Amino acid sequence: MPHDPSPDDTLLARIAAGEQGALSQLIARHGRGLRVFATRYLGNAADADDVVQDVFVSVWRHAGRFDPQRARASTWLYKITAHRCIDQRRRQTFRSVVGLEDIEDDLASDAPGAETTMQARQELSLARAGIARLPERQRMALLLKVVADLDVAAIGQVIGASTGSAEQLLVRARRALRDHMTAADDGRERTRS
Amino acid sequence: MNGDGFQRYRLRFGDDVASWPAPYRQYALAMGAREEREAVDADQALDRLILDAAMMEADDGALTRQVLGRIRARGQSHPLSFLQQILLRPAALGAATAIVAVIIALGGYQMARVQMAHLHDLSAEAELLALATGAPLLGEARGEDLL
């Protein structure tokens with residue numbers, strides 16, 4: 001049974017017809033999420049900006065290829081972004097190997113408004129460090145779950161894995177993050193005492 | 001039913017909770033559901049923390065402007081053919097000219113080598129013929145004999 005097109009499906013159809021205003025609306029809907037995902041995956045805001053801009057240029061050119069019967073628009077967008085991020089990661093590694101770049105976080109404006117107390121700030125900072133230390137596939141799966149709000153099947157589609165493997169990646173990522181935060185807490189306790 | 005009780009009944013009735021007799025079965029299922037709920041709640045709390053940690057302030061308007069700028073920039077260069085793009089860029093034109101010059105020079109060198117080798121073969125052959133017919137082997141006349 002054909003389903004009603006989602007707002008994203010409609011926007012992509014309008015983009016395919018060459019309507020630039022529809023692209024602006026799609027950027028307004030998904031730009032931030034894609035940028036957060038790419039930035040936290042790559043650990044570099046400038047590279048993430050480059051990737052996300054490139055993704056929307058690709059969407060502008062190839063929106064006609066999107067098939068709403070095969071995947072949700074958000075899954076399609078994150079899939080393109082994930083692939084570009086993997087390519088960018090390879091370039092980062094190459095630049096790092098040949099000594100052109102140091103792959104360290106240089107994330108701008110990290111502080112959301114909710115960080116009001118010292119404890120909350122420390123907890124968020126620990127979580128960021130934990131995310132950055134996760135193995136790449138675990139980090140990608142976790143960000144797709146948390147930032148993109150994709151279900152496990154869609155995460156599997158994006159990263160090219162079965163649903164079971166995607167689930168396993170999420171379980172391991174959460175466990176590793178909890179271990180990281182517990183270890184950091186223990187370290188702080190020892191320092192105090 | 002607590003954790004110890006659950007283990008005791010598991011030893012008594014087996015691993016498959018669904019086959020336990022009532023009322024133990026209901027208690028065990030309720031306990032499993034509660035643990036599952038707690039695990040889900042813990043995951044949700046962690047996910048919320050990760051989301052808060054991942055979020056950044058961003059200028060969405062700037063992203064739109066940058067994307068549209070890229071599209072315009074690529075749109076201007078798109079109709080040009082590859083050859084036109086090369087001809088319009090001095091650096092690319094210089095590089096292309098240098099590559100063509102190197103290819104021509106290498107081609108010429110290779111052709112000259114082949115021709116010289118051919119002449120050398122002819123020279124050796126003529127020398128042997130001259131010796132066979134009893135002609136004197138004169139270095140200065142060699143070229144004339146050959147040609």
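1. In this predicted model, helices α2(A) and α3(A) cross in a right-handed sense. Their axes, belonging to residues 20–42 and residues 45–62 of chain A respectively, approach within 9 Å and cross at roughly 145°.

2. From α2(A), the contact draws on A:Leu23, A:Leu26, A:Ile27, A:Gly31, A:Leu34, A:Arg35, A:Ala38, A:Thr39 and A:Leu42. From α3(A), the contributors are A:Ala45, A:Asp47, A:Ala48, A:Asp49, A:Val51, A:Val52, A:Val55, A:Phe56, A:Val59 and A:Trp60. By class, the residues in this contact comprise 14 nonpolar, 2 polar and 3 charged.

3. A separate remark concerns A:Asp50, which is located in helix α3 of chain A. This residue counts as partly exposed because 17 other C-beta atoms lie within 10 Å, a number between the limit of 12 or fewer for exposed and that of 20 or more for buried. The C-alpha atom of A:Asp50 is 9.9 Å from that of A:Cys85, although 35 residues separate the two along the chain.

4. As to the contact between the chains, chain A supplies 33 residues and chain B supplies 22 residues. On the side of chain B that touches chain A, the elements giving two or more residues are α2 (24–54) and α3 (60–77) of chain B. This side of chain B is made up of 13 nonpolar, 2 polar and 7 charged residues.

Terms used: Residues numbered from 1 in each chain as written. Chains lettered and ligands numbered in written order. Predicted model: local features only at pLDDT ≥ 70, side-chain atom pairs only at ≥ 80, totals over all residues. Contact = placed C-beta atoms within 7 Å. Helix = DSSP H or I, 4+ residues; strand = E, 2+ residues; numbered from the N terminus. Nonpolar A, V, L, I, M, F, W, Y, C, P; charged D, E, K, R; others polar. Axes fitted to C-alpha atoms, helices over the stretch in contact; angles between N-to-C directions. Left-handed = near helix turned anticlockwise from the far one by under 90°.
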